[in-house]
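Let's walk through this fold one question at a time. Grab your viewer and follow along.

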Amino acid sequence: MMPQQPTCIKLMTRWHHAQPQRVKDELVVEEPLEVRVNQTSLIVVMRTPGHDFELAAGFLYTEGLITSSDDIDIIAYCEDSEDNIVNVRLASGLHLDVAAGWQRNFHANASCGLCGKMTIDAVKLQVPEMKVATDFQLCPQTLYQLNARLRKAQSVFEKTGGLHAAGLFNENGELLIIREDIGRHNAVDKVIGQALLADMLPLERHILMVSGRASFEIVQKALFARIPIIVAVSAASTLAVELAQEGNLTLIGFMRGESMAVYSCPERISKAGAFTP
């Protein structure tokens, strides 16, 4: 199998005023990935190729289908799948019980992974078990650095302008993991999947930053990983804010320069050393 690339070159016609010109352009690749568990198909998700094993592991973890990396025996591409089918073989003795209701008619696309859930209430029932720790504080200066550091590390976005990014930072604002994908929830699953496979969970003293908006599903995934702070470049949805409040998670949006909007749990942001107007 030849490894798939996250970008490809296509010809396009670029117009400048009244003059067309045929030029080459680098585009983001979008391909389906089928995730199987013990050779049983679970979901087909549209994603940007790359870090597929992390995506599969992160998805299983943030959907509550596995609880640790010990639940995974091996992750591998299926033969003759052209790298578009991944099988997760669970550890000996583990299985997913279809009769117990784990298979909730999943169907996800690049923009919304939640649309396949049977009901939103079914997801919110898990929130009482997913409250994050409270003894973690950061000063604004640390948070204000994150956007520039994430953007600087977005290598594929710089080429194409067509990818979302998710980055995991430590309490000092150092970027530990960055993943890019055409779907923001896929990028988050890849980050959490890498952290899971590297035995970094729970992430109780870490920050998750996402390009674009903060959705309900991104907050849900962060709660599974016990991430106490989410920072988004753009706005947050009402359901994202409600879930963050229920899970005791600090949700920040509109991170631009030295300004931000804090939607929930503002007590995690310390006034000590804050910028003065």
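**Helix packing and sheets**

Q: How are H1 and H6 oriented towards each other?
A: Keep in mind that this is a predicted model. The two helices pack at an angle of about 90 degrees, with their axes 6 Å apart. Angles from 65 to 115 degrees count as roughly perpendicular. So H1 and H6 are roughly perpendicular to each other.

Q: Which residues of H6 does H1 meet, and how does the contact divide into nonpolar, polar and charged?
A: On the H1 side you'll find Phe53, Glu54, Leu55, Ala57, Gly58, Phe59, Tyr61 and Thr62. Their partners in H6 are Asn186, Asp189, Lys190, Ile192, Gly193, Gln194, Leu196 and Leu197. Sorted by type, the residues of this contact come out as eight nonpolar, five polar and three charged.

Q: At roughly what angle do the axes of H1 and H7 cross?
A: H7 covers residues 216-224, and its axis comes within 9 Å of the H1 axis. The pair counts as roughly perpendicular, because that label covers 65 to 115 degrees. The crossing angle itself is roughly 85 degrees.

Q: Which residues of H7 make the contact with H1?
A: H1 contributes Phe59, Tyr61 and Thr62. By type, the residues of the contact of H1 with H7 are three nonpolar, two polar and one charged. The H7 residues are Gln220, Lys221 and Phe224.

Q: How many residues of H1 are buried?
A: H1 runs over residues 52-62 and is mostly covered. The buried set is Asp52, Glu54, Leu55, Ala56, Ala57, Gly58, Phe59, Leu60, Tyr61 and Thr62. Just past the helix, Gly64 takes a positive phi of about 75 degrees. Back in H1, the buried count is ten of eleven.

Q: Which residue stands opposite Val37 in S4?
A: S3 (residues 31-37) and S4 (residues 40-47) run antiparallel and are joined by seven bridges. Their hairpin has two residues between the strands, and Asn38 takes a positive phi near 50 degrees there. The residue opposite Val37 is Thr40.

Q: Which residue of S6 stands opposite Ile72?
A: S5 and S6 (residues 85-90) pair over five bridges. The sense of that pairing is antiparallel. Opposite Ile72 you'll find Leu90.

Q: What is the bridge partner of Val231 in S11?
A: The open sheet of six strands has the order S8-S7-S9-S10-S11-S12, with mixed pairing. Its edge strands, each pairing on one side only, are S8 (175-181) and S12 (259-262). Within it, S10 (residues 229-232) and S11 (residues 250-256) run parallel, with three bridges between them. The partner of Val231 is Ile252.

Q: What C-alpha separation do Glu171 and Arg205 have?
A: Glu171 lies in the loop between S7 (164-170) and S8. Leaving out residues up to four places away in sequence, Glu171 touches Phe136, Leu138, Thr142 and Arg205. Arg205 is 34 residues away along the chain, yet the C-alpha atoms are separated by 6.0 Å.

Q: Is Glu171 buried, exposed or partly exposed?
A: The relative accessible area of Glu171 is 33%. Buried would need under 20% and exposed over 50%, so the value falls in between. Glu171 is therefore partly exposed.

Q: How many disulfides does a search of the whole structure find?
A: Cys78 is buried, with a relative accessible area of 10%. Cys265 is also buried, at 12%. The number of disulfides found is zero.

Q: What percentage of the protein chain's residues are buried?
A: The chain has eight helices and twelve strands. Among contacts between residues at least 6 apart in sequence, 52% join residues at least 24 apart. Out of 277 residues, the buried share is 49%.

Technical notes
Residues numbered from 1 in each chain as written. Predicted model: local features only at pLDDT ≥ 70, side-chain atom pairs only at ≥ 80, totals over all residues. Heavy atoms only, no water. Buried < 20%, exposed > 50% of the residue type's maximum accessible area, 1.4 Å probe, protein only. Helix = DSSP H or I, 4+ residues; strand = E, 2+ residues; numbered from the N terminus. Disulfide = S-S within 2.5 Å. Pairing = 2+ DSSP bridges. Axes fitted to C-alpha atoms, helices over the stretch in contact; angles between N-to-C directions. Parallel < 35°, antiparallel > 145°, perpendicular 65-115°, else oblique. Contact = heavy atoms within 4.5 Å. Nonpolar A, V, L, I, M, F, W, Y, C, P; charged D, E, K, R; others polar.
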